[in-house]
Number of protein chains: 2
Amino acid sequence: MSDDAWVIFTPSGKRGRVAKGTPVLAAARALGVDLDSVCGGRGICSKCQVAPGYGEFPKHGLHVGAEALSPVNAVEERYDRIRGLKPGRRLGCQACIQGDVVIDVPAESQVHRQVIRKSASERVMEMDPATRPLYVDVAEPSMHEPSGDFERLSAALQSQWQVKGLQADLAVLATLQTALRKGGWKVTAAVQEPGDGTAPRLLALYPGYREAPLYGLAIDLGSTTIAGHLVALDDGSVCASSGLMNPQIRFGEDLMSRVSYAMMNPGGAAEMTAAVRAAMAGLAATLTEEAGVEPEAVVEAVVVCNPVMHHLLLGLDPVELGQAPFALACGASLNLAAAEIGLAPLAPGARAYLLPLIAGHVGADCAAVALSEAPETRDDLSLIVDVGTNAEILLGNRSRVLACSSPTGPAFEGAQISSGQRAAPGAIERIEIDPVTKEPRFRIIGNAHWSDEPGFGTPTITGICGSGIIEAVAEMRIAGLLDASGLIGSADQVGSARCVPMGRTQEYVIHDAAPEGPRVTVTQGDIRAIQLAKSALYAGARLLMDEMGVDKVDRVVLAGAFGAHISPKHAMVLGMIPDVPLEAVTSAGNAAGTGARMALCSRAARRSIEAQVTRIVKIETAIEPRFQEHFVAANAIPHATAPFPELAKIVSLPDVSFNAGPTGEGGGRRRRRG
Amino acid sequence: MSDDAWVIFTPSGKRGRVAKGTPVLAAARALGVDLDSVCGGRGICSKCQVAPGYGEFPKHGLHVGAEALSPVNAVEERYDRIRGLKPGRRLGCQACIQGDVVIDVPAESQVHRQVIRKSASERVMEMDPATRPLYVDVAEPSMHEPSGDFERLSAALQSQWQVKGLQADLAVLATLQTALRKGGWKVTAAVQEPGDGTAPRLLALYPGYREAPLYGLAIDLGSTTIAGHLVALDDGSVCASSGLMNPQIRFGEDLMSRVSYAMMNPGGAAEMTAAVRAAMAGLAATLTEEAGVEPEAVVEAVVVCNPVMHHLLLGLDPVELGQAPFALACGASLNLAAAEIGLAPLAPGARAYLLPLIAGHVGADCAAVALSEAPETRDDLSLIVDVGTNAEILLGNRSRVLACSSPTGPAFEGAQISSGQRAAPGAIERIEIDPVTKEPRFRIIGNAHWSDEPGFGTPTITGICGSGIIEAVAEMRIAGLLDASGLIGSADQVGSARCVPMGRTQEYVIHDAAPEGPRVTVTQGDIRAIQLAKSALYAGARLLMDEMGVDKVDRVVLAGAFGAHISPKHAMVLGMIPDVPLEAVTSAGNAAGTGARMALCSRAARRSIEAQVTRIVKIETAIEPRFQEHFVAANAIPHATAPFPELAKIVSLPDVSFNAGPTGEGGGRRRRRG
């Protein structure tokens, strides 16, 4: 009888002969099979659960007998009794191979498990977090074998987990003594192995075996809003999400006014740095509280943002970004102590990873969208538009990817709109206008009914959010309340008392609860603000198409915090995006946030985007004369010159005109970067 | 005629053939000759000066003609006109090799020049600083080749200086934009290449070519005093030295009372951390101001200290050091951002290197003494005693080195002595007592004359310093004013009115200016304090000798801030140190401070002591019963049982006894670690 046995692991198919008596976990390691373990084979963590198969395996030419694995032992019985073990499961560190066997590693026992990303594309992502919990037995100090706690911990991590050359910040060193003694020299170490050539780092130390996962923060730091997710680093699940306004708004609504603030006010940049750091720290506190997670368990943060926010967050002077050649102080990805950017309280050694910037004003937010949407992996030509105060636009396919940033201003986020507000209960988010009666019906956030349905009730209507204003303007154009130049017709011209004069222009009344409640209208000024914003967006996209040498794209992806809520039809009526078949317009939700989560969960994703940013070609909108031309031509709704044949198939726009006076008031003005 | 030529460099003797037209600097680099350059061959820095030899060189079989180097060019002429070039010198980057030539590299043109250390041993040290100034031309930003300032600087350092994978702290990144633009994209970068396997780091960036050297701080952080030197990193010269009291004294005079303070007071450790960091920052400011050096030019600091000070400086809890097994939180050397330990303002990215601790209470100060004195390089057996509030004691030779720490208390530094004071003008530092008349004569700091000489004048005598009290007690013993048990005789017993009663004991009056001025006496309490201190010192040394299995040592080195001032004869009369021939006792001055300077100037020194500490065997005094025995026996002056034959050759101690009562009051008490 042979002293060794065949073992075949599924689904990997990895196989080999191992000595009888070898624990399954050890066999998996020897054969390079991805089988998780936090406790290092001590029967504590249960992460190494496997499902042995018995019987005939003709495919492998094996018969697996009941005695192929050692009998269930006391450790497994105890575990099953206390925590419960699924039928057919064994602990890989306890079950020993005694004969030929086929062993399945279920998805949840794989370190590098694949998870489905919650985005339109539903692509899978492989878990490969930089920081993992490692349970270790540390030698106790002895007067005769003197060495420091840290040195003994390092030695234990090296011998038990092959972690070489461990580093630790002072803040972590300061916690070592307590954790080691409290855990009786058994601790769970949060160790970051960045995989970028730098040394592994100890980020936190927990007494004893830590049952709960480690966590990370994915933060999308926008000019107007800061959104964050708290993510479990074992399976990538989102435990809490929250957002808040960027407090820098008080220094300037758009990025360029913040750069000006820094330029004009000594100490102004530092003031903005302090404000955004405090807000991010507050967001981190909100997220951990909401999820009931102790801050010390949060070991990593990933931040994506545009270059101005990037510089202000890091305490770098943003002034160079206010003028050509828009030189960045540094553009590469950064792996910093989270405390360096004021992100606390988290784990004492928590790290912050900032995605690389692309160039000029095309930032890490755009890089995150590129990471999430991966246009470079597709044959068809994708136009990806991340709608925010600044629009990040990507155009590309397998052969080439271009990017630009276009200053749309905050109108799409409901700012600078007379009845505008952020997306919150009470805000109008959908609207339809009857082309005959010119009467509106709408839906508000937090209410499942349309306003003309019985169930709507009498809620307070507070204003109109970003997606609502886009629909309102587009519906007004479809209903003939608005002409191609963007002028609102008078009550007489359009035949509706809902158009009322406001100075020398008109406004369209959607809802009027005066004097008790708010009056929600769309003013001529609102139309102009939306025209400016959509022209900037369209002009940016066209500039990339020029550079790519194409007249149309195969698909359009709308991204951004509220990108998911934009109605493709209305966006196309507005002329926000180039003409494509309606079904070719999809929403990617908050793709920048998704990219941030990917970078949080996967070192491979970090390496991938670090490489990809060097290949993405940035097109600078600010100095490109054609951008101006495209911008002016795009002022009309949907467009002054470009045909929109696909749009014409689904909607016909009335050919009205309300004024013979000067048109395109907004066209000649150049909006500042926002 | 050949296209290449022989070039021989002296003093290295390196030689080879190079293509004619090769600049001397390039030839030196190609042949691995140590020829300095900061500007990288641009004719700016003049660091690459060489002295070509002409004529016959029979040793090398060469004739060097006048045309062997290219003629002096415009760059050299300009340099000579403005800055002056010594006769016979050429700039290595300008002079090109045109024929066989012998080129001498003067010491000041070598990066790794050897400097004589200012210590008793006068050993040479090779300059090998971790941080060097590197002058670079950085590419300007361009809209079409977008990359960050930091990335372009990194690329320049890589191509012009082979610096790969440059890292920088945020604080340094924040200064980049200004320095690069102010210097017109020509800058001098202070780059640390730690040589410990970690990545090179940018510590500071100066606009244009920086003429002045970079600087470092060597800090000896003692329990009682903090001493610092400002050192030029090009030649190791000391530009300023200063010291101050350790402000932690208000929390406890000795280390154990500070540990107790931390144990009893929540936040107490943090309070002490803040105090010592503030003091060190103040010391740094004093040193730069004194030397007229801008703080931004200080790029490194080396700190040596005992383990309790180490932990308190780093913000680590020192409580474990208060009890066996005296476990360190971390003992290895550290290379930190200086700002992390509050050492500012220095260069924005200044680093602090902490020497490794040896073990338990044997700290980095002892490691620094070991580095400076290098007992492991000698055949004879050295006993090295670093006298401070805690004595660090090393015993060893080529085969083995032992170390211990012994809690002497602050008596040797003049503290806990009734008339004690720190070494400052007005303090008695030398004293002689006439064995017949029992009259004293003395010298005070700041006065070249003895008190019985006409030139002495009528200075104010303020007290007695550490070396003074040692001499006073020893002289009292020689003069028969003190018996072997340490009792001061009465006026009747000794026949001198200078012995006056003080309660039930006697005091000896050295100087009495009352009522106008101070009265300087040695009290019975002072004698007891000195007996405790010297017994601890001697017992520590004996413990190491026991461990080594020897009864005598070949040489004794007295080190410590005031080690240089201790009279070997008096130290031996006191029984501070084991009996050796007087000429075998030398002083090493502040060896810990010297070790700190060595580590500041030389990466090789850092690697050497990091390796050496793992070989030094620590002997723990606190739990060793023999330490108690040695301590008790050493209470007598010079010793209760050990013969002092060498001492007997130079001085005979009167056999007096002033009391038949209980002796050795101090012997039974165990002093706390100080």
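I began just after helix α9 of chain A, where I found that A:Gly480 takes a positive phi of about 80°. I keep in mind throughout that this is a predicted model.

I then went back to the helix itself, which spans residues 466-478 of chain A and has 13 residues. From its first C-alpha to its last I read a reach of 19 Å, close to the 18 Å expected at 1.5 Å a residue.

Next I asked myself how many residues of α9(A) are buried. I noted 12 of the 13, so the helix is largely enclosed by the rest of the structure. Among these buried residues are A:Gly466, A:Ile469, A:Ile470, A:Glu471, A:Val473 and A:Arg477. Looking for what covers them, I found that the list includes the strands β23 (427-433), β25 (463-464), β27 (505-512) and β28 (519-523), together with the helices α11 (524-548) and α12 (568-574), all of chain A.

A:Val473 came up again when I turned to the largest nonpolar core, which has 372 residues. A:Val473 is listed there with A:Ala367, A:Val385, B:Ala367 and B:Val385 as the residues with the most contacts inside that core. I followed one of these, B:Ala367, and saw that B:Ala367 touches B:Leu355, B:Pro356, B:Leu357, B:Ile358, B:Ile609 and B:Val613, leaving aside residues up to four places away in sequence.

Last, I looked at where the two chains meet, a contact that takes 35 residues from chain B and 35 residues from chain A. On the side of chain B that touches chain A, α3 (149-161) and α4 (170-182) of chain B each supply at least two residues, and the largest share, five residues, comes from α4(B). By class I recorded 21 nonpolar, seven polar and seven charged residues on this side of chain B.

How values were computed:
Residues numbered from 1 in each chain as written. Chains lettered and ligands numbered in written order. Predicted model: local features only at pLDDT ≥ 70, side-chain atom pairs only at ≥ 80, totals over all residues. Core = buried A, V, L, I, M, F, W, Y, C linked by C-beta atoms within 7 Å. Buried ≥ 20, exposed ≤ 12 C-beta atoms within 10 Å, placed from the backbone. Contact = placed C-beta atoms within 7 Å. Helix = DSSP H or I, 4+ residues; strand = E, 2+ residues; numbered from the N terminus. Nonpolar A, V, L, I, M, F, W, Y, C, P; charged D, E, K, R; others polar. Expected span 1.5 Å × (residues − 1).
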